[in-house]
Amino acid sequence: MQPDNDVSFETALGQRVEDMLDACTRCGKCVEVCPSVKPAGIADASSEDIIGGVLDIVRSGEGPEASRKWAASCMLSGECIKACDYGVNPRFLLAMARVAIAKTDNELPDRRRQGVARFRDISRDVTVLSRLQLDGEVLERLGQKSASVSAPDEAPDFVFYTGCNVLKTPHIALLALDIMDALGATYQVMGGPTHCCGITQLRAGDVEMSGRMGSSTIEKLSHSKSGQVVSWCPSCYVQFTETTLPTIERQRGARPFEMTPFVRFLADRLALLMPHLQRRVEMRIALHRHPGVAGIMEAAAEILQAIPGVELVDLRQPAVGLQSVNLSVLPAFKRELQLNELEAAREAGVDALVAVYHSDHRELCAHERDWPFRIINFLEVVGESMGVHRNDRYKRLKLMQDADQIVSECGDLIALHALDAGKARDVVVKAMLGEQPLPLNRGSRPIELSPNRTAPT
């Protein structure tokens, strides 16, 4: 590809969008396979009309209501990508449709303010919740504090990119690093709000700022011996690999690095990992699945099945979305899925419901209180077989279900990091206890939804 360094990020992105619009035949196969269509209430509309309307929205910001609903209800499952025979990424087009709608509905100053506000909210929540769990030394290990601006003496084999929100459940990220240590890989950890992927700005419709922030982070990530970035967060992975990196490639003529999700990275090195899986883990496990990044769930299952003693149980539940947080666009549908899965896990008699991603863990972990099985991350199972353990302080705190008790429990770390206790409590209420899509059981029985399976808001 010939570089076009004279064009802006927004212009290069627009050129990519035009190419994809031209390639789309409006056949509607992407709509037909999409799991969002029925719960979004647009199953009666023509699939050809829906995708045609999306193309109209991308071009002009205007289009039929069914197409707007489809764009708004995208859970990033990725089924549409597999269904297309013409090399079109419908998931990317839906993201661009949402950008076009945002541009039509709001002027740039308003969009920029919205993007800044969302970014500040995420930064605050990540900063506070990570500091309620970790001291300064461990934060440094996760690429925070002074480590966020330091450069290693020698380029590492890999850059490990955490994204932002996994820092709310830091035991997951720490286990990933422990495993990389065991494999002998050298790495530099980067992530958190200082290494933003630009997704909050894109969602607000501020393409210029999204490109600026994403490009800045890409420059920071572009320093490893292998030219490889190992990533954790699926949202960041989709943002970089479907929006930012291809656009920069169009500008520069080449990508600065390739990005690999950690779970696939680990599965590719399963032969190196297996000698470390020495301890038997006698557990019947059900894997909580989201298919949005190709190969991740298959890789997680392969790794779990390599652990002595593990029995993997298929609950035969729908697997949709990129991760749990992406199902929030269809809240009633999301609660129904979560309740059905908890019930299926109980009926199957599993010892643990095992999630891969951090948002899944945050939303599900407190249900451990009310159901007869554990809710853990799959890296905890890997770590147990390796003899490696990290305390899940997030789950322990959330199970308290009392903001004042949580703040009191974290008093030493609040003092250590000079946090405002009142503001920390606000974050706990909103970003920890408030992140509970399916309400916890308040009595002796698991929660029941109404006959139409719609939980109260």
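Buried, in this talk, means under 20% relative accessible area. Keep that cut-off in mind. One caution before we start: this is a predicted model.

Let's take Lys395. Its relative accessibility is 9%, so Lys395 counts as buried. What does Lys395 pair with? It forms a salt bridge with Glu368, and the closest N and O atoms are 2.7 Å apart. That pair links distant parts of the chain. Lys395 sits in helix α19, residues 393–398. Glu368 sits in the loop between α17 and β8. The two are 27 residues apart.

Next pair: Arg362 and Glu435. Their side chains meet in a salt bridge, 2.7 Å from N to O. Where do the two partners lie in the chain? Arg362 is in helix α17, residues 358–364. Glu435 is in the segment after α22. So this bridge ties together parts that are 73 residues apart in sequence.

Now a pair of sequence neighbours. Asp125 forms a salt bridge with Arg124, with the closest N and O atoms 3.1 Å apart. Asp125 is buried, at 5% relative accessible area. Arg124 is partly exposed, at 35%.

Some charged residues form a network. Arg112, Asp206, Glu208 and Arg212 are linked by salt bridges. How many salt bridges does the count come to? The answer is 28.

On to the sheet. It is open and has 4 strands, in the order β6-β5-β7-β8. The pairing is parallel. Which strands stand at the edges? They are β6, residues 310–313, and β8. Each has a single partner strand, so one side of each is left without a neighbour in the sheet. Neighbouring strands are turned by 35° against each other on average, direction ignored.

Look inside the sheet. Strand β5, residues 283–288, is joined to β7, residues 352–355, by 4 bridges. Ala286 stands opposite Leu353 in β7.

Finally, the helices on this sheet. Helix α16, residues 331–348, lies across β5, β6, β7 and β8. It runs at about 160° to β5. Helix α18, residues 378–386, packs on the sheet too, touching β5, β6, β7 and β8. The direction of α18 makes about 85° with that of β8.

Key:
Residues are numbered from 1 along each chain as its sequence is written. This is a predicted model: local features need pLDDT of at least 70, side-chain atom pairs count only at pLDDT 80 or more; totals for chains, interfaces and linings use all residues. Side-chain values use heavy atoms; hydrogens and water are left out. A salt bridge is a side-chain nitrogen of Lys or Arg within 4 Å of a carboxyl oxygen of Asp or Glu. Buried means under 20% relative accessible area, exposed over 50%, partly exposed in between (1.4 Å probe, protein chains only). Two strands pair if DSSP finds at least two bridges between them. Axes are lines fitted to C-alpha atoms, for helices over the stretch in contact, and angles run from 0 to 180 degrees between N-to-C directions. Contact means heavy atoms within 4.5 Å.
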